[in-house]
Structure formats: structure tokens, C-alpha cells
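Please examine the sequence and the structure before reading each solution.

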Amino acid sequence: GAAGRRSAPDGLLLDAQELAEELRLSLRHVRRLDDTGKLPRPIRLGKSVRWARAEIVRWIEAGCPDRATWEKENLESA
């Protein structure tokens, strides 16, 4: 079943459902946040969309800025 395909809790990449679970939000809300640029930019692997767990942690620690602010801050610090 669906539980069998779940990645380990410490996986490096999160799909939308896993991100929703991590953020304690609905899948629909995560998709809306992504569509409106309020999440970090996802990584696209073919047709799959994933978020880097480490980036999500840093984003939360930074106060969950919108995508444009997040990318600007990360470019300046790189």
C-alpha cells in the first residue's frame, strides 16, 4: 500500500505529501503555497517534484520567507 512506498523519515528529498506531513498542512495547502511562491523552489526530477529537507529546515529557521526573499537572501550569502 501507500505506507510501503513512504521514504525514510530522514530522507534527503521530500515529495509534496511528505512536505505537507512535515509542515502539518494539507497537501492542497502545500500545493497552493508552492503555486503562489511561498515555499522554496522545488527540485524537479523529470516529472517528479521534490524539496530538499535541509533547505526546508533552513527556510523554517529563517521564518518562512516567500520564495523571492529566500532566493535573494541565499544568493547574497553564497
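**Exercise 1.** Locate Asp 15 in this predicted model, and decide whether Asp 15 is buried or exposed.

*Solution.* Step one: Asp 15 is found in the loop that runs between strand 1 (13-14) and helix 1 (16-23). Step two: buried means under 20% relative accessible area. The relative accessibility of Asp 15 is 12%, so Asp 15 counts as buried. Step three: a polar atom of the Asp 15 side chain lies 3.1 Å from the backbone nitrogen of Gln 17.

**Exercise 2.** State how many salt bridges a search of the whole structure finds, and examine the one between Arg 67 and Asp 34.

*Solution.* Step one: the search finds four salt bridges. Step two: in the salt bridge of Arg 67 with Asp 34, the closest N and O atoms are 2.5 Å apart. Step three: Arg 67 belongs to helix 4 (residues 67-77) and Asp 34 to helix 2 (residues 27-35), so the pair ties together parts 33 residues apart in sequence. Step four: Arg 67 and Asp 34 are both buried.

**Exercise 3.** Determine how far apart in helix 4 Lys 72 and Glu 76 are, and whether each is buried or exposed.

*Solution.* Step one: Lys 72 and Glu 76 form a salt bridge, with 3.0 Å between the closest N and O atoms. Step two: the two residues are four residues apart in helix 4, and therefore about one helical turn separates them. Step three: exposed means over 50%. Lys 72, at 53% relative accessibility, therefore counts as exposed, and Glu 76, at 57%, also counts as exposed.

Methods
Residues are numbered from 1 along each chain as its sequence is written. This is a predicted model: local features need pLDDT of at least 70, side-chain atom pairs count only at pLDDT 80 or more; totals for chains, interfaces and linings use all residues. Side-chain values use heavy atoms; hydrogens and water are left out. Buried means under 20% relative accessible area, exposed over 50%, partly exposed in between (1.4 Å probe, protein chains only). A polar contact is a pair of N or O atoms within 3.5 Å; within protein, one must be able to donate a hydrogen and the other to accept it, and residues adjacent in sequence count only if both atoms are side-chain atoms. A salt bridge is a side-chain nitrogen of Lys or Arg within 4 Å of a carboxyl oxygen of Asp or Glu.
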